[in-house]
Amino acid sequence: MEPVKLDDFEPAAEAILPKGVFDYIAGGAEDEATLRGNRQAFARYQFRFKILASADQPDLTSEVLGQRFRMPVHLAPTAIQRMAHPDGEAAAYQAASDAGVAFCLSTLSSLSIEEVAAAGKGVRWFQLYMHPERAISASFVERALDAGYGAILLTVDLPLAGRRERDIRNVFSLPDGVSYANLAGRRTRVTAAGLDPFAQDVNAETHPGLNWGDLEWLTKKTSLPVIVKGVVRADDARHAVDAGARGILVSNHGGRQLDYAIASLDALPELVDAVGKAVPVLMDGGVRRGTDVIKALCLGASGVLLGRPYLYALAVGGADGVRRMLAMLRDELEVSMTLLGVKTLSELSKDLLVRISD
Ligand SMILES: Cc1cc2nc3c(=O)[nH]c(=O)nc-3n(C[C@H](O)[C@H](O)[C@H](O)COP(=O)(O)O)c2cc1C
């Protein structure tokens, strides 16, 4: 069956991918409560739409950190994309470039910082997992600057990998023929009982004692703007901005880290109130519909990011699959803006929403 909406790519990908790979992408931590919660949060908002507003052909252009985009939807950093499709991150980046949105490359990518940069012309951001050795983090950041990446996303919700029980059951490990391209062959797997090999790789490459000093170090170290990814509290958002962050990404890592973490959409308004005048506030987690994007923007987000949907689309059709998925979301956005009676993104506000009780 041809996909007509983002969620249709999931079963199509499941039919193609090895079980371990599909479960790695689809799964969340422990009870997967946050994974479900991210979606449920969107369903609690309904629209108070406007009528007779002449809102045909809405303008979807948006801006983050002075960078212009054709729509406010970007591709979130996700690890080792060559396990979803042989063209991996290069294909996803090409599709993002063609759609005029940003692509975020993971530290744990399966094509290198430089290989991905050569694959497209659009805006690219680099996601950093702080390494226990600062010199290694410094080298990633320098490589990203040299290769024309426009921002660093520092992921702060992963001092160590969450317990993803599907992966533990599957004894998930890096598939044959795929490598961590930025790590120059380093594979420092430790043997911790009860954890899948992939989680052990992640734990070897991340700083378990991640702290505010690391963020301060990073913002001083690089001339690139630093966006802090994985914030859900106003006090933390303020602290991050004080430490030099130039953007905040409200995220719980797609429900893959602390389970029972607050849904990203539910955390968003508090963070917009706290720092939204000073820096752009982005969000990710559970965005699957044009109406989801609109809801997040009504609550003050400057843009949203997608994780799983584009991995499924990548698995199904490589760069073309991701292009189709982004085009679908764009169509949904255009139709929903017109039906909502809103012509530009700057007109989106809380006034258009009502939150129904649980
Ligand atoms: C398979 C997979 C791998 C991920 N890898 C990373 C990563 O390497 N770095 C990172 O900061 N976030 C990573 N994330 C989290 C995403 O950036 C994003 O926060 C999340 O997927 C958004 O939720 P969604 O999948 O519901 O759209 C990963 C997510 C998935 C699904």
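Which helices each supply at least two residues of the shell around the ligand? I looked this up and found helix H2 (19–26) and H13, where helices are DSSP runs of H or I with at least four residues, numbered from the N terminus. I note that this is a predicted model, in which local features need pLDDT of at least 70, side-chain atom pairs count only at pLDDT 80 or more, and totals for chains, interfaces and linings use all residues. Residues are numbered from 1 along each chain as its sequence is written.

**Ligand shell.** I found 24 residues surrounding the ligand, the closest being Ala76, Ser106, Thr155, Gly254 and Gly307; a residue is near if its C-beta atom, placed from the backbone, lies within 6 Å. I sorted the shell into nine nonpolar, eleven polar and four charged residues, with Ala, Val, Leu, Ile, Met, Phe, Trp, Tyr, Cys and Pro as nonpolar, Asp, Glu, Lys and Arg as charged, and the others, Gly among them, as polar.

**H4 and H13.** I then looked up how helix H4 (residues 88–99) packs with helix H13 (residues 308–340), and found an angle of about 20 degrees with the axes 8 Å apart. That makes H4 roughly parallel to H13, a term for angles under 35 degrees. The contact, counted where C-beta atoms placed from the backbone lie within 7 Å, includes Ala91 and Ala95 of H4 and Leu314 and Gly318 of H13. By class, this contact has nine nonpolar, two polar and two charged residues.

**Thr291.** I placed Thr291 in helix H12 (residues 290–298). Thr291 and Tyr45 are 246 residues apart in sequence, yet 9.9 Å apart in space, C-alpha to C-alpha.

Terms used. Axes fitted to C-alpha atoms, helices over the stretch in contact; angles between N-to-C directions. Parallel < 35°, antiparallel > 145°, perpendicular 65-115°, else oblique. Contact = placed C-beta atoms within 7 Å.
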